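Here's a quick briefing for anyone opening this structure for the first time. Take a look at the picture, then read on for the pocket, the charged pairs and a handful of residues.

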Amino acid sequence: MGLEKIRIKGGDHLINEYFAKHPEMVLGEGALESGQFGKQYTVLPNKDVPITELLAKAVDRLPRDVFRPAEESAAKAAQVRQLDFNPKAKKEGNYYVSDDGKLMQVENRLGVPADKVKGIDAPLVRSFVRLRDALNQTQYDQLNDGDWETSLKAL
């Protein structure tokens, strides 16, 4: 989508080309008002018609069946669960505790000792990492029909 110039009270202004071509979809009256960065485009409320009525009319103007939610595959859902909830998944920037007990941070997909990160309280972060991982394990087990009760007790 591009921009298109419109004439409104206060002068000309560039707005999204869709709204320039479909002013009936703007739920109020366009105007220029002084703001932090000079004259800015804004939409002023219509004092004669409630916003709920304007919104209902705009929705009625939308094309039918234009939105179709994407069908998510089971494999994609499993991949999301794996990345978001598996405590063993190491996301960029996250801290984790290595198998030998060192606090690490993921940088460029590699583990870097966290003692190289300035200004962190390593013992505190280590405690939070363990708490986060226990919570993630519980959620991961619930989402995958695992032994979530044991994970919950560990949490």
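The largest pocket has a volume of about 180 Å³. A pocket here is an open set of points on a 1 Å grid over the protein atoms alone, with protein on both sides within 12 Å along at least five of seven lines, and lining residues have an atom within 4 Å of a point. Its volume is the space filled by probe spheres set on the points, which are joined across faces, edges and corners. You're looking at a predicted model, where local features need pLDDT of at least 70 and side-chain atom pairs count only at pLDDT 80 or more, while totals for chains, interfaces and linings use all residues. Residues are numbered from 1 along each chain as its sequence is written, and side-chain values use heavy atoms, with hydrogens and water left out.

**Pocket lining**

- Pro-87, Lys-88, Lys-90, Tyr-96, Val-97, Ser-98, Asp-99, Asp-133 and Gln-137 line the largest pocket.
- Strand β5 (95–97) and helix α4 each supply at least two residues of that lining; helices (H or I, at least four residues) and strands (E, at least two) are DSSP runs, numbered from the N terminus.
- Sorted by class, the lining has three nonpolar, two polar and four charged residues. Ala, Val, Leu, Ile, Met, Phe, Trp, Tyr, Cys and Pro count as nonpolar, Asp, Glu, Lys and Arg as charged, and the others, Gly among them, as polar.

**Salt bridges**

- Side chains of opposite charge can pair when their charged atoms come close.
- How many salt bridges are there by this rule? The count comes to six, taking a salt bridge as a side-chain nitrogen of Lys or Arg within 4 Å of a carboxyl oxygen of Asp or Glu.
- One of them joins Asp-133 to Arg-132, with the closest N and O atoms 3.0 Å apart. Asp-133 also turns up in the pocket lining.
- Arg-132 has a relative accessible area of 27%, so it is partly exposed (buried means under 20% relative accessible area, exposed over 50%, partly exposed in between, with a 1.4 Å probe and protein chains only).
- Asp-12 pairs with Arg-7, and their closest N and O atoms are 3.2 Å apart. Asp-12 is partly exposed at 36% relative accessibility, whereas Arg-7 is exposed at 68%.
- Asp-84 pairs with Lys-91, the closest N and O atoms being 3.9 Å apart. Lys-91 is partly exposed, at 29%.

- Asp-84 sits in helix α3 (residues 74–85) and counts as partly exposed because its relative accessibility is 35%.
- Setting aside neighbours within four places in sequence, Asp-84 is in contact (heavy atoms within 4.5 Å) with Lys-91 and Asn-136.
- Asp-84 and Leu-32 are 52 residues apart in sequence, and their C-alpha atoms are 44 Å apart in space.

**Thr-138 in helix α4**

- Is Thr-138 buried or exposed? Thr-138 is buried, because its relative accessible area is 4%.
- Helix α4 (residues 122–143) is where you'll find Thr-138.
- The Thr-138 side chain reaches the backbone oxygen of Ala-134 at 3.0 Å.
- Not counting residues up to four places away in sequence, Thr-138 touches Trp-148, Ser-151, Leu-152 and Leu-155.

**Glu-33 and Thr-42**

- Glu-33 belongs to strand β3 (residues 29–35), and Thr-42 belongs to strand β4 (residues 38–44).
- Glu-33 is partly exposed at 40%, and Thr-42 is partly exposed at 24%.
- Beyond four places in sequence, Glu-33 touches Gly-38, Lys-39, Gln-40, Thr-42 and Leu-44.
- Thr-42 and Ala-31 are eleven residues apart in sequence and 5.5 Å apart in space, C-alpha to C-alpha.

**Positive phi in two loops**

- Most residues other than glycine have a negative phi.
- Asn-108 isn't a glycine, yet its phi is positive, about 50 degrees. Asn-108 sits in the loop between β6 (103–107) and β7 (110–113), and it is exposed at 66%.
- Asp-145 has a positive phi too, near 55 degrees. Asp-145 lies in the loop between α4 and α5 (148–154), and it is exposed at 73%.

Note on methods
Polar contact = N/O pair within 3.5 Å; in protein donor to acceptor, adjacent residues only side chain to side chain. 1 Å grid on protein atoms, 1.4 Å probe; cavity = no way out; pocket = protein on both sides within 12 Å on 5 of 7 lines; lining within 4 Å.
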